[in-house]
Amino acid sequence: MFRKTLTGFLVFGLFLNAKMALAQSSDSGDDRDLDQIEAEIKKNEVIPPPASALPVAPAKESSATVTKETSPPEIKVETLSDLSKLQPFSEISVLQRRYMPKSGRVQFFGGLSDIVNDPWNSNSGFNLRAAYGLTEAWGIEVVDYFMSSTPSQAATNLLAQHNVNAQSFGVTSGFVGGYVMWTPIYGKMSFSTEKIVPFDMYFNFGSGNTSLSGVGVPSSVSGPSVGTGQVFAITRSVGFRWDLTWNMYTLPSGSTNNLLLTFGANWYFPEASYR
Amino acid sequence: MKFQNGFISILSCFLLVTHVTKAHAQVELPQEELAKETVVPRFDNPTTVKARNIILNGKFETGVYYGWNFAEAIENQSKMGLNLGYHWNEISSVFINYAAWQAGLNGQYTSALSAQPYNLDFTRAPQLQSSLWVNYEWNVYYGKISITKKGISNLTVYPIAGGGMTTYSNKSYYGINAGLGAKFYFSPRWALRTDFKLQYSGQPSPFLQGAMKTSQAAPTPDRFQDTSALGTILDVGLVALF
């Protein structure tokens, strides 16, 4: 008796299992997805108007209409490069994903700088920066410039001809500042249609302290500072960067400013998460 | 009996196997075995730009701009000018750049030098008047930018190189310049243009011992010595293609 009952249960279990095995690809979630897909197809489906509503085309135009409605020539795909012929691109690569993300990553920058608006000195040096990306568009940055100067030809002539020391206008020896970094522009650029380089363009707003040397000028002075620049991605963690920073401050002789042009490289840490 | 025992055994094994198989019907691969990067096919002849929004080939371009020579110590640093150029293909173009320099001096420094105790009057030096340059522009970079994710604009970046002349009140001097420019396009016709150039050009030296103080006799222009200087030029303007 027991064996008969056990056999009955086993047979019942066999049929139940078979039914579930055949339905392995179906569950309520998949049914919902299929329904959604079908709904999308129906939504985008173009339903032709009834034949009675169509105007009757004259005989002369029928051949032209037939000509226009012929399907485009079929493209044979024989190699991988033929894939590029399938979809008619109307634009270069669309800006769908950022190649070099900044959110939650630390940036370090090192580069060479030059003050381009000091007519009395040739000022050049190093620039070090550290930044943190709060979001893709906003970040904070601290900068430090180390500058070295030599008198220009104009300063040499002014001293030689008129015994006037141009050092009295002040010589910038350094700058330390902090910024809010806004990166509203993301782009991609092609080099002679051979390679695409993603880049970011940013704007800095902040202030800092300029170190000065010279006759009759203070040793340091504070003032606002703004800047702009671009970072061209080389890899996901390294980029080439140029920066133009404008520092403004006031001396006893009046308001003055420094325009610093910097070229260098940016490093991003930690490694970007893959997509 | 033996048949029943065997049948039950086979049935039990079958049920056990199907249950195990069913339990593993939905295979989940560990995260580290999944593909981590999207891979695009490598084409034999890659072409990154399929269709341009901005067509330069065979077009004329003109525009006006405002500019500065930040390295000018004595003369006025500001100028206004216009550009006129022709693109003979998508990459190469030639431009004529004319600038009218603002009258006066660089007040940031000449004000202090004209005051006590220096009393130097640099209006006695030959005045900077105008300049005319012919530049080649290599439109090798073309791209587009997303502005705050709400708009897309095209841009071109181009190296510039050329030569020209700068005219002072007494004579003209030759010079060369080179730099980099960028154009941000609002439409296929209009663009904001910014050029940054280094300019090495001749000029009269404004420093002349014994002739620049207000108490001294004014010199003739030919007494000022010719020299050369490196300037840093920034031009910002609006251009149109037609």
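**Figure 1. Overview of the predicted model.** The model is predicted, with an ipTM of 0.76 and a pTM of 0.71. Chain A contains 4 helices and 8 strands. Read from the N terminus, the order of these elements is α-α-α-β-β-β-α-β-β-β-β-β. Of the 275 residues in chain A, 26% are buried. Among contacts in chain A with a separation of 6 or more, 61% join residues 24 or more positions apart. For chain B, the average pLDDT is 86, and 79% of the residues score at least 70. Where pLDDT is low, the predicted coordinates should not be read in detail.

**Figure 2. The largest nonpolar core draws on residues of chains A and B.** This core comprises 16 residues. Those with the most contacts inside it are W120(A), A154(A), A155(A), L158(A), A166(A) and A73(B). Two or more residues each come from α4 (153-162) of chain A and from α2 (107-114) of chain B. The greatest contribution is that of α4(A), with 3 residues. Leaving aside residues up to four places away in sequence, A166(A) touches W120(A), P151(A), A155(A), L158(A) and L159(A).

Figure 3. The residues in question are A154(A), A155(A), N157(A) and L158(A). An α-helix has 3.6 residues a turn, so residues three or four places apart point the same way. The packing partners of the buried residues of α4(A) are β2 (121-133) and β3 (138-151) of chain A.

Figure 4. Although N163(A) is not a glycine, its phi is positive, at about 55°. Most residues other than glycine have a negative phi, and most peptide bonds are trans. N163(A) counts as exposed because 9 other C-beta atoms lie within 10 Å, the limit for an exposed residue being 12 or fewer.

**Figure 5. Strand β4(B) pairs with β3(B) and with β6(B).** Strand β3 (residues 92-101) of chain B runs antiparallel to strand β4 (residues 128-138) of chain B, and 9 bridges join the two. Opposite I96(B) stands V134(B) of β4(B). The pairing of β4(B) with strand β6 (residues 151-168) of chain B is also antiparallel and extends over 9 bridges. There, V134(B) has G163(B) of β6(B) as its bridge partner.

**Figure 6. The loop between α2 and β4 of chain B holds P117(B) and N119(B).** The peptide bond joining Q116(B) and P117(B) is cis, with omega about 0°. N119(B), which is not a glycine, has a positive phi of about 55°. N119(B) is classed as partly exposed, with 14 C-beta neighbours inside 10 Å.

**Figure 7. A cis peptide bond leads from F269(A) to P270(A).** The omega of this bond is near -10°. P270(A) belongs to the segment after β8 (254-269) of chain A.

Notes: Residues are numbered from 1 along each chain as its sequence is written. Chains are lettered from A and ligands numbered from 1 in the order in which they are written. This is a predicted model: local features need pLDDT of at least 70, side-chain atom pairs count only at pLDDT 80 or more; totals for chains, interfaces and linings use all residues. A nonpolar core is a set of buried Ala, Val, Leu, Ile, Met, Phe, Trp, Tyr and Cys residues joined through C-beta atoms within 7 Å. A residue is buried if 20 or more other C-beta atoms lie within 10 Å of its own, exposed if 12 or fewer, and partly exposed in between; C-beta atoms are placed from the backbone. Two residues are in contact if their C-beta atoms, placed from the backbone, lie within 7 Å. Two strands pair if DSSP finds at least two bridges between them. pLDDT is the predictor's confidence in each residue, from 0 to 100.
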